[in-house]
Amino acid sequence: MNMSFLDKWRKRQQAHRSVPLAESVRADPESVVELLSECELLRAQAATAGVELDDSVRSLELLDQLQPVWRDDPEVLPWLGNDAGLYLGTVLVRTVRGAVWHVWPDGQPVVRLASGREIDVVTAGHEWADTGAPELSQVYAEVSES
């Protein structure tokens, strides 16, 4: 029995399936870079403190000097840590020659250096947000030297 409407329905359903981040990075890396660099919560926290996040190394140093008021809010802390890691990655990708975003099979975005070394910037961001150490500028300095 031929039911042509089923073929059309299947095609429509497949067209609306989600696309893994890793596939998006390969297909349109510039758009993914823009998406990962948004970091709205971190940018809002920084702006409140008078710090402009301009994707520079200096902005990482200024972030390290912020009073960690987010540590008092357990709902904000994990989101801010995630944003801090993505921002660190953004600065690395935009300023370190050969650094690119890469996505692990579990969907975790990392920065891959020209040497092949991968930096788990999200974990670094969470550590910074939780304890202040290591400082984002310190991670950047260590990574950019390698």
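This is a predicted model: local features need pLDDT of at least 70, side-chain atom pairs count only at pLDDT 80 or more; totals for chains, interfaces and linings use all residues.
Three strands form an open sheet in the order β1-β2-β3, and their pairing is antiparallel. Strands of a sheet pair through backbone hydrogen bonds, either parallel or antiparallel. Here, β1 and strand β2 (residues 109-112) run antiparallel and are joined by four bridges. Within this part of the sheet, V103 stands opposite P109 in β2. Helix α6 packs on the sheet, where α6 touches β1 and β2, and the direction of α6 makes about 135° with that of β1.

The sheet is one part of a chain with eight helices and three strands. Along the sequence the pattern reads α-α-α-α-α-α-β-β-β-α-α. Of the contacts with a separation of 6 or more, 57% are between residues 24 or more positions apart.

Next comes the interior. Buried residues make up 36% of the 146 residues in the chain. In soluble globular proteins, nonpolar side chains tend to be buried together. The largest nonpolar core in this model has 37 residues, and L42, L63, L88, V111 and W128 touch the most other members. Two or more residues of this core come from each of α3 (29-36), α4 (40-48), α5 (57-64), α6 (77-95), α7 (121-131) and α8. The most come from α6, which gives nine residues.

Leaving aside residues up to four places away in sequence, V111 touches G89, L92, V93, A99, V100, W101, R117, E118, I119 and V121.

The last stop is helix α8. Which residues of α8 are buried? They are L136, S137, V139, Y140 and V143. Seen down the axis of α8, the buried residues fall within an arc of 155°, so they line one face of the helix. These buried residues pack against α5, α6, β3 and α7.

Q138 also lies in α8, which spans residues 136-145.

Methods
Residues are numbered from 1 along each chain as its sequence is written. Side-chain values use heavy atoms; hydrogens and water are left out. A nonpolar core is a set of buried Ala, Val, Leu, Ile, Met, Phe, Trp, Tyr and Cys residues joined through side-chain atoms within 4.5 Å. Buried means under 20% relative accessible area, exposed over 50%, partly exposed in between (1.4 Å probe, protein chains only). Contact means heavy atoms within 4.5 Å. Two strands pair if DSSP finds at least two bridges between them. Axes are lines fitted to C-alpha atoms, for helices over the stretch in contact, and angles run from 0 to 180 degrees between N-to-C directions. The arc is that of the directions from the helix axis to the C-beta atoms.
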